[in-house]
Amino acid sequence: MGRTHSCVLSLGSFVERLPPLCAGNCLPTTKRSDMPAFKIGINRWTLPSNWDVKTCLRVAKESGFDAIELNMDFEGVLNPATADADARQIRRDADAIGIELSSLSTGVYWQKPFTHPESIVRAESLELCRQQLRLAQALGVDAILVVPGVVTPDVPYDVAYERARDALQQLASEAERRRVAIAIENVWNRFLLSPLETRDLIDRIGSPYVGVYFDAGNILAYGYPQHWIAILGMRIKRVHVKDFRSDIGNTYGFANPLQGDVPWLAVRSALESVGYQGYITAEVSGYRLFPELGVRHIADALRAVFQS
């Protein structure tokens, strides 16, 4: 979601009152050979922070993932000042190892959102997105994750909507020039809380290079992922997955796949129904001990749901 631990909304008391989410969509005991396979990926944040890029690429490949999603941070290997040549080298390394790069995620918009009260920060946010688009193009990926804004006591909902819309409209031409889609993610930001509203915002921008990065785990606090997928349809550019335990109902409720209440097969069926053919990327915490084992287990879970 631009990192899970950056969520700002605790919804425990609300989630406790939600009806069960499985509703017959728990995993079957037989293979779903009639369903086409998706490509599965892992976000680099799931892997230990002290691993270098090549190690992350190698472990992702050896664990059975088709792709890895890298992240732009304020500092580090991929940051707004990273040269195109350095990004292209990462792509060459990935090609040599045999792992695809799915997209370019980031958490920078939590600190510098399009919706910030100060105009200077909003301008910095636009520039961050331009640099993210540039890096994505250099990496050879065609989508970036963007948190579209944050509603706060100082930023009312309607103001956030106008600022987010204006920012996306300004950035659409750059996305089109780079041929890299801006995909806004549903996160716990007290903003865009309805699939109808999200759909209408994307349609108002009116660019094929502005769409949605749908997170099936984030949505459980206030909706059902299969409903959002059906409404957003082909506006969905990428998909994040994680699990979520409604009995916990706050950020501590996020879990690795198959450990919570995500209706996994309903998610898969909905994605197939709208013709989604992109990556399914796990953005989860992984294992603190034996992290390589954790990565393999995550890959096994995603294969069971999306490639069996």
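Rings of Phe, Tyr and Trp (for Trp, the six-membered ring) are treated as a pair if their centres lie within 6.5 Å, and their planes count as stacked under 30 degrees apart, as edge-to-face over 60 and as tilted for the rest. The legends below describe a predicted model, in which local features need pLDDT of at least 70 and side-chain atom pairs count only at pLDDT 80 or more, whereas totals for chains, interfaces and linings use all residues. Residues are numbered from 1 along each chain as its sequence is written, and side-chain values use heavy atoms, with hydrogens and water left out.

**View 1. Aromatic pairs around phenylalanine 244.** A search of the whole structure finds 10 aromatic pairs. Among them, tryptophan 188 and phenylalanine 244 are arranged edge-to-face, with 5.7 Å centre to centre and 80 degrees between the planes. This pair links distant parts of the chain, 56 residues apart, since tryptophan 188 belongs to the loop between β5 (181-185) and α7 (195-205) and phenylalanine 244 to strand β8 (residues 243-244); helices (H or I, at least four residues) and strands (E, at least two) are DSSP runs, numbered from the N terminus. Tryptophan 188 is buried, with a relative accessible area of 1%, and phenylalanine 244 is buried at 0%, where buried means under 20% relative accessible area, exposed over 50% and partly exposed in between (1.4 Å probe, protein chains only). Phenylalanine 244 also forms a tilted pair with phenylalanine 254, at 5.2 Å centre to centre and 55 degrees between the planes, and this pair joins strand β8 to strand β9 (residues 254-255) across 10 residues.

**View 2. An aromatic cluster.** Phe38, Trp264, Tyr276 and Phe306 form one aromatic cluster.

**View 3. Packing of helix α3 against helix α5.** Helix α3 (residues 84-97) and helix α5 (residues 119-139) pack at an angle of about 45 degrees, their axes 7 Å apart; axes are lines fitted to C-alpha atoms, for helices over the stretch in contact, and angles run from 0 to 180 degrees between N-to-C directions. That angle makes α3 oblique to α5, given that angles under 35 degrees count as roughly parallel, over 145 as roughly antiparallel, 65 to 115 as roughly perpendicular and the rest as oblique. Asp84, Ala87, Arg88, Ile90 and Arg91 of α3 meet Arg134, Leu135, Ala138 and Leu139 of α5 in this contact, contact meaning heavy atoms within 4.5 Å.

**View 4. Packing of helix α5 against helix α6.** The axes of α5 and helix α6 (residues 157-178) come within 10 Å and cross at roughly 25 degrees, which makes α5 roughly parallel to α6. From α5, the residues in contact include Arg122, Leu126, Cys129 and Arg130, and from α6 they include Arg163, Ala167, Gln170 and Leu171.

**View 5. Two loop residues with positive phi.** Leucine 192 has phi near 55 degrees, a positive value in a residue other than glycine, and its place is in the loop between β5 and α7. Leucine 192 counts as buried, at 5% relative accessibility. Phenylalanine 290, likewise a residue other than glycine, has a positive phi near 55 degrees and lies in the loop between β10 (279-282) and α10 (291-306). Phenylalanine 290 counts as exposed, at 58% relative accessibility.

**View 6. The chain as a whole.** The chain has 10 helices and 10 strands, and of its 308 residues 56% count as buried.
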